[in-house]
Amino acid sequence: MDVQNFFASHYRLEQHGIRNVNYVYWNLSTPLLYEEIIRRREGRLAHLGPLVVRTGEHTGRAPKDKYIVREPSSVDKVWWGPVNQAMTPAQFAGLHHRLLSYLEGKDLFVQDCFAGADRNYRVPIRVVSETAWHALFARNMFKQATPDELQRHVPEFTVLNVPNFHAKPEVDQTRSMVCVVIHFGQKLILVCGTQYAGEIKKSIFTVMNYLLPQKNVLSMHCAANVGLRGDAAIFFGLSGTGKTSLSADPSRILIGDDEHGWSDDGIFNIEGGCYAKVIRLDPKAEPDIYQTTRRFGTILENVGFDTLTGRIDLNDDSLTENTRASYPISHIHNASREGLCAHPKNIIFLTCDAFGVLPPVAKLTPEQAVYHFLSGYTAKVAGTEKGVTEPAVTFSTCFGAPFMALPPRVYAQLLQDKIARHQVNVWLINTGWTGGPYGVGRRINIAHTRAIVHAALDGALEAVPTVTEPFFGLHVPTACPDVPPEMLDPRHTWSDPQAYDAQARKLAAMFRENFTLFTDSVTPAILAAGPRA
């Protein structure tokens with residue numbers, strides 16, 4: 001039985017093979033979804049209006065439980081390996097059949113929307129979920145359709161999000177009861193066994209990473225903003241590097257905080273919302289994001305919550321360090337509603353170097369840009385996991401390896417071509433440690449990092465002389481407005497320069513070892529752009 005039938009597409013659930021269900025809630029508005037979430041006890045209403053939800057056992061993505069079906073239309077295109085594990089068509093068919101049987105008699109929530117702000121490249125998608133709060137998540141995170149578009153909406157890709165249905169490893173040959181599987185031929189995604197909403201968002205991003213490069217559009221795991229003069233910038237960076245915080249700048253217009261495409265016409269946001277990490281969010285350092293946690297329409301995942309007062313505690317990490325806020329981008333007062341801007345003038349690679357080796361800022365040559373893009377380096381600090389006694393290196397290809405469906409050389413070549421065509425400046429900015437590694441040195445002050453970002457984007461660094469540091473061959477500015485000059489040379493911030501040299505050689509060796517993955521797919525010039533030591 002349909003509910004809110006006026007907003008139902010003529011493309012029915014039966015066309016997905018979904019039959020004999022109970023109520024179907026088509027494209028409910030945010031207030032109506034709130035009512036269903038609270039009525040079904042899926043979440044709690046917090047002070048000032050956000051919803052607090054819990055994801056149970058799974059408080060983050062399950063990359064080892066992600067699969068792509070090995071089928072004829074995509075088998076020769078996909079980057080197969082540990083990132084993109086193969087599932088046979090027969091395995092998928094069995095899992096899909098049991099999932100459809102599970103859905104019989106259930107209430108379902110449908111959200112019809114789009115991925116991609118550029119109408120030339122946007123993809124109509126559908127998210128079908130057994131829970132109301134995941135429907136609200138989809139409504140927040142993707143581009144909403146107009147009432148007229150809803151009635152004639154035909155999804156190109158469909159996500160069946162069924163958290164309470166579990167894979168059977170002994171039957172489905174999966175690693176666990178969690179399963180995220182993409183079938184490019186059937187244009188269908190199954191998400192089961194996990195409440196973590198980020199799986200919905202990232203599975204669609206994986207689809208866009210498959211589709212867009214085949215149209216000569218670079219899909220990017222990055223934030224983007226634009227200045228008042230129309231000067232656009234994009235920010236690459238893994239979790240914990242400051243991508244969301246630094247792109248949410250009151251003096252610039254936010255295009256998006258996580259996923260973008262770069263076409264021949266410029267940059268466009270793939271999403272319609274933000275999914276920000278909010279653990280220990282500082283209201284002074286990150287005021288724009290902080291205020292979204294006090295807004296109607298925001299979903300707070302695993303955030304600390306007082307059930308008596310209804311007040312949230314962003315410092316509470318008792319459930320996870322990965323607390324999240326999902327909100328429509330309109331919650332950021334200076335965000336673009338269109339999600340479009342011109343070609344970037346600057347690209348920033350953000351890294352949180354817990355070794356204390358990389359400089360706070362360096363200008364990269366085009367070859368170095370490709371090298372560091374393919375490397376995708378950051379570091380996790382020691383002490384966050386049992387048994388970890390030193391910084392843990394992370395190399396994530398293209399700053400988003402888990403979501404890259406095609407071979408890395410495809411994205412790297414597109415980036416190289418676009419940097420050359422549009423004469424883009426590329427900067428490497430370290431938001432990690434200085435004066436020593438984690439546990440000895442100190443975290444670079446976010447105020448200094450903001451000053452560096454502003455100087456790079458405003459052009460204040462373009463005329464500043466640079467020196468070439470000896471280990472990575474990076475071109476380091478000798479001065480930056482509002483930043484102590486002694487900070488710019490990381491070796492000089494260490495009390496023991498010889499210890500710095502040893503640490504730098506150690507990190508350089510890790511870069512070289514990781515880059516052996518790409519030796520056969522890059523030019524000699526890009527190989528030579530790596531560490532020298």
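# Helix packing and aromatic pairs

Helices H9 and H13 are roughly perpendicular to each other; the cut-offs put 65 to 115 degrees in this class, under 35 as roughly parallel, over 145 as roughly antiparallel, and the rest as oblique. This is a predicted model, where local features need pLDDT of at least 70 and side-chain atom pairs count only at pLDDT 80 or more, while totals for chains, interfaces and linings use all residues. Residues are numbered from 1 along each chain as its sequence is written, and side-chain values use heavy atoms, with hydrogens and water left out.

## Helices that pack

H9 covers residues 366-375. H9 packs against H13 at an angle of about 80°, with the two axes 10 Å apart. Axes are lines fitted to C-alpha atoms, for helices over the stretch in contact, with angles from 0 to 180 degrees between N-to-C directions. Helices (H or I, at least four residues) and strands (E, at least two) are DSSP runs, numbered from the N terminus.

Which residues make this contact, that is, heavy atoms within 4.5 Å? H9 brings Tyr371, His372, Leu374 and Ser375. H13 brings Phe511, Arg512, Asn514 and Phe515.

The contact uses His134, Phe137 and Met141 of H3. From H6 come Gly198, Ile200 and Lys201. H3 passes H6 in a right-handed crossing (the near helix is turned clockwise from the far one by less than a right angle; anticlockwise is left-handed).

## Helix H1

H1 spans residues 30-39. Its buried residues are Thr30, Leu33, Tyr34, Glu36 and Ile37. Buried means under 20% relative accessible area, exposed over 50%, and partly exposed in between (1.4 Å probe, protein chains only). An α-helix has 3.6 residues a turn, so residues three or four places apart point the same way.

What covers the buried residues of H1? The cover includes H3 and strands E2 (24-26), E3 (44-45), E4 (51-53) and E7 (108-115). Just after H1, arginine 41 takes a positive phi of about 55°.

## Aromatic rings

The structure holds 24 aromatic pairs. Rings of Phe, Tyr and Trp (its six-membered ring) pair if their centres lie within 6.5 Å; planes under 30 degrees apart are stacked, over 60 edge-to-face, and the rest tilted.

Tyrosine 23 and tyrosine 25 form a tilted pair, 6.3 Å centre to centre and with 45° between the planes. Phenylalanine 471 and tyrosine 500 are edge-to-face, because their planes stand at 70° and their centres are 6.0 Å apart. This pair links distant parts of the chain, 29 residues apart. Phenylalanine 471 lies in the loop between strand E31 (466-468) and strand E32 (475-477), and tyrosine 500 in H13 (residues 497-515).

Phe236, Phe349, Phe373 and Phe399 form one aromatic cluster.

Two rings also carry a charge over the face. Arginine 70 lies over tryptophan 80, at 4.8 Å from the ring centre. Arginine 324 puts its charged end over tyrosine 275, 5.1 Å from the centre. The test is NZ of Lys or CZ of Arg within 6 Å of the ring centre and within 35 degrees of the ring normal.

Is tyrosine 275 buried or exposed? Tyrosine 275 is buried, at 6% relative accessibility. It sits in strand E18 (residues 273-277). Leaving out residues up to four places away in sequence, tyrosine 275 touches Phe137, Met141, Gly198 and Lys201, among others. Phe137 and Met141 of H3, and Gly198 and Lys201 of H6, also take part in the H3 and H6 contact. Tyrosine 275 and leucine 300 are 25 residues apart in sequence, with 9.6 Å between their C-alpha atoms.

Leucine 190 belongs to strand E12. Its relative accessibility is 0%, so leucine 190 counts as buried. Beyond four places in sequence, its contacts include Phe92, Leu95, His96 and Leu99. Lysine 66 is 124 residues away along the chain, and 10.0 Å separates the two C-alpha atoms.

Glutamine 195 lies in the loop between strand E12 (188-192) and H6. Glutamine 195 is buried, at 19% relative accessible area. Not counting residues up to four places away, it touches Thr55, Trp133, His134, Pro163 and Asn164.

Notes:
Contact = heavy atoms within 4.5 Å.
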